[in-house]
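Biologist: I have a model open and want to learn how to read it. Where do we start?

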Amino acid sequence: FEPNLEWLKNTHFENPFKGKYVVLIPGSSKNGSKKRWHARSFSVLSEIFINANYDVIVTGASSDIEILEEIKSLNQKVKTSENLSKFENFINLCEQSSLIVSVDTGPAHIAALSNKPFIWLVQKGLYDLTNIPLSKNIHIIKADKMENISVEEVVKTSKEILNIT
């Protein structure tokens with residue numbers, strides 16, 4: 001199954017990021033707060049990418065603003081943009097990225113369809129089997145609780161994907 005995403009794309013999209021970048025999707029619905037990985041963990045991960053000369057874009061819906069701002073406060077070099085999370089820009093942003101790291105959230109499914117390298121952080125249980133995003137390039141990291149997903153494991157997987165030493 002190869003979904004046609006052309007109808008989703010903003011044909012006038014002008015990407016403000018000219019270099020290599022990683023997209024982080026840390027948010028979830030209010031009911032899905034247990035699906036979130038800690039902002040500190042995303043901040044540490046961001047520093048690895050930044051040190052390897054990647055821009056880091058943290059994106060999400062307006063309901064995710066709290067975690068986006070927390071990540072930004074922990075690492076001022078991280079870029080956030082509500083405009084880029086708008087549906088008509090989001091798929092373009094993902095397709096032009098080097099890597100996407102996301103928790104189990106709705107936008108993860110759209111991001112995964114870009115077939116860019118995609119790391120899915122998920123809690124073990126019913127959803128890690130039924131909610132798997134469709135992607136030819138997915139890497140799943142799961143634990144019994146989100147806080148037990150180690151930054152080191154996500155960094156290791158990211159470095160392998162991006163060929164960072």
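Modeller: With contacts. Contact here means heavy atoms within 4.5 Å. Keep in mind that this is a predicted model.

Biologist: What share of the contacts with a separation of 6 or more comes from residues 24 or more positions apart?

Modeller: In this chain, 56% of them. The remaining counts concern layout. The chain has 6 strands and 6 helices. Along the sequence they follow β-α-β-α-β-α-β-α-β-α-β-α.

Biologist: How do I read the radius of gyration of the chain against the globule rule?

Modeller: Put the two values side by side. The chain has a radius of gyration of 15 Å, close to the 15 Å that the globule rule gives for 165 residues, so it is as compact as a globular protein of that length. The C-alpha atoms fill a box of roughly 40 × 35 × 30 Å along the principal axes. As for burial, 47% of the 165 residues count as buried.

Biologist: Now helix packing. At what angle do the axes of α1 and α2 cross?

Modeller: Angles under 35 degrees count as roughly parallel, and 65 to 115 as roughly perpendicular. Helix α1 covers residues 39-51 and helix α2 covers residues 65-74. Their axes cross at roughly 50° and come within 9 Å. The two helices are therefore oblique to each other. Their crossing is right-handed.

Biologist: Which residues of α1 and α2 meet?

Modeller: On the α1 side, A39, R40, F42 and S43. On the α2 side, I67, E70, I71 and L74. By class, this contact has 5 nonpolar, 1 polar and 2 charged residues.

Biologist: What about α1 and α6: how do their axes cross?

Modeller: Helix α6 spans residues 151-162. Its axis and that of α1 come within 10 Å and cross at roughly 30°. That makes α1 roughly parallel to α6. The crossing is right-handed.

Biologist: Which residues in α1 and α6 meet?

Modeller: From α1, S41, V44, L45, I48 and F49. From α6, V151, V154, V155, S158, K159 and L162. By class, the contact of α1 with α6 has 8 nonpolar, 2 polar and 1 charged residues.

Biologist: Is N53 buried or exposed?

Modeller: Buried means under 20% relative accessible area, and exposed means over 50%. N53 has 62% relative accessibility, so N53 counts as exposed.

Biologist: Where is N115, and what is its phi?

Modeller: N115 sits in the loop between α4 (106-112) and β5 (118-123). Its phi is near 60°, a positive value in a residue other than glycine. With 29% relative accessibility, N115 counts as partly exposed.

Biologist: K116 is in that loop between α4 and β5 as well. What does K116 touch?

Modeller: Set aside residues up to four places away in sequence. K116 then touches C94, E95, Q96, S97, I100, S135 and N137. K116 counts as partly exposed, because its relative accessibility is 26%. K116 and T105 are 11 residues apart in sequence, and their C-alpha atoms are 17 Å apart.

Biologist: Let us take a strand residue. Is I141 buried or exposed?

Modeller: I141 lies in strand β6, residues 138-143. Its relative accessibility is 2%, so I141 counts as buried. Beyond its neighbours within four places in sequence, I141 is in contact with I119, W120, L121, V122, I149, E153, V154 and T157. From I141 to D64, 77 residues apart along the chain, the C-alpha separation is 22 Å.

Biologist: One more loop. Where is S85 found?

Modeller: Between β3 (79-80) and α3 (87-95). Neighbours within four places aside, S85 is in contact with T59, G60, A61 and F90.

Definitions and conventions:
Residues are numbered from 1 along each chain as its sequence is written. This is a predicted model: local features need pLDDT of at least 70, side-chain atom pairs count only at pLDDT 80 or more; totals for chains, interfaces and linings use all residues. Side-chain values use heavy atoms; hydrogens and water are left out. Axes are lines fitted to C-alpha atoms, for helices over the stretch in contact, and angles run from 0 to 180 degrees between N-to-C directions. Helices (H or I, at least four residues) and strands (E, at least two) are DSSP runs, numbered from the N terminus. Angles under 35 degrees count as roughly parallel, over 145 as roughly antiparallel, 65 to 115 as roughly perpendicular and the rest as oblique. A crossing is left-handed if the near helix is turned anticlockwise from the far one by less than a right angle, and right-handed if clockwise. Ala, Val, Leu, Ile, Met, Phe, Trp, Tyr, Cys and Pro count as nonpolar, Asp, Glu, Lys and Arg as charged, and the others, Gly among them, as polar. The radius of gyration is taken over C-alpha atoms; the globule rule is 2.2 Å times the number of residues to the power 0.38. Buried means under 20% relative accessible area, exposed over 50%, partly exposed in between (1.4 Å probe, protein chains only).
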